[in-house]
Amino acid sequence: MTVKRSEYVASAVTPSQYPEACYPEIALVGRSNVGKSSLINRLVNRRNLARTSSQPGKTQTINFYLINAAWYFVDLPGYGFARVSHNTREHWRTMIEKYLSQRSTIQQVWQLVDLRHPPTEQDQQMVQWLSHYRFPKLIIATKADKISKSQRVKNLGIIRNRLDVPETELISFSAESGEGKEKLLSEIEKILGY
Ligand code: GTP
Ligand code: MG
């Protein structure tokens with residue numbers, strides 16, 4: 001798959017603000033600051049299509065990006081960010097759950113985890129939630145550039161174990177180096193039936 005066009009379409013907080021459900025969607029979930037927005041930018045070869053920040057809590061709405069005029073990448077707010085108020089966290093959680101449970105065009109959910117660290121309890125809850133509702137999913141272990149090759153292998157094993165996912169559903173990635181990008185692009189082809 002080659003990304004030829006990518007455009008920002010909408011930011012939504014409530015379902016009434018979603019764009020019309022007429023394209024297949026890939027949704028990105030994961031802890032605040034794990035690299036969801038950066039992954040989108042890397043895959044579409046744009047520096048700033050999705051806004052990123054070194055401070056967690058950057059993405060605060062559900063953002064829809066239309067790719068090749070054919071499918072949506074959907075960037076979601078992160079979970080687990082301790083430094084925002086309880087109310088804000090609850091608001092984000094509801095926003096994410098509503099989107100995931102109501103949007104009929106989601107083809108696959110990509111859950112990002114940090115390859116440097118063992119998955120958190122919230123990562124475990126999210127993957128269990130996705131499995132329970134039978135979402136097709138991929139676990140993407142990102143920031144791979146930040147650790148050595150041998151550490152990566154070891155940590156991938158820990159992640160597989162803790163999240164209880166098959167090897168085929170776990171991909172290591174780096175938005176910095178582009179590692180894993182081609183694999184993800186061919187996953188998208190499979191999802192879209194190209
Ligand atoms: P929220 O919107 O707050 O939920 O965060 P996010 O998951 O969208 O993370 P974002 O893409 O904004 O990235 C957070 C920080 O991590 C930024 O400073 C990125 O430059 C950095 N980052 C993201 N992915 C990578 C990666 O693969 N390697 C390295 N070295 N840094 C990364
Ligand atoms: Mg973001």
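1. Basis of the model. Because the model is predicted, local features are taken at pLDDT of at least 70 and side-chain atom pairs at pLDDT 80 or more, while totals for chains, interfaces and linings use all residues. Residues are numbered from 1 along each chain as its sequence is written, and chains are lettered from A and ligands numbered from 1 in the order in which they are written.

2. Helices (H or I, at least four residues) and strands (E, at least two) are DSSP runs numbered from the N terminus.

3. Sheet. Seven strands make an open sheet of mixed pairing in the order β1-β3-β4-β2-β5-β6-β7, where two strands pair if DSSP finds at least two bridges between them. The edge strands, each pairing on one side only, are β1 (6–12) and β7 (170–172). On average, and with direction ignored, neighbouring strands are turned by 25° against each other; axes are lines fitted to C-alpha atoms, for helices over the stretch in contact, and angles run from 0 to 180 degrees between N-to-C directions.

4. Strand β2 (residues 25–30) pairs in the parallel sense with β5 over six bridges, and Val-29 has Gln-111 of β5 as its bridge partner. Strands β5 and β6 run parallel, joined by six bridges, and here Gln-111 is partnered by Ile-139 of β6. Three bridges then join β6 (residues 137–142) to the parallel β7, in which Leu-170 is the bridge partner of Ile-139.

5. Helices α4 and α5. Helix α4 (residues 149–163) packs on the sheet, touching β5, β6 and β7, and its direction makes about 150° with that of β7; contact requires C-beta atoms, placed from the backbone, within 7 Å. The twelve residues of α5 (residues 181–192) should span 16 Å at 1.5 Å a residue, which agrees with end C-alpha atoms 17 Å apart; the expected span is 1.5 Å times one less than the number of residues. Just after α5, Gly-193 takes a positive phi of about 75°.

6. Ligand 1. The shell around ligand 1 holds 24 residues, the closest being Gly-35, Ser-38, Thr-52, Thr-59 and Gly-78; a residue counts as near if its C-beta atom, placed from the backbone, lies within 6 Å. Helix α1 (residues 36–44) gives the most to this shell, with three residues.

Note on methods
Contact = placed C-beta atoms within 7 Å.
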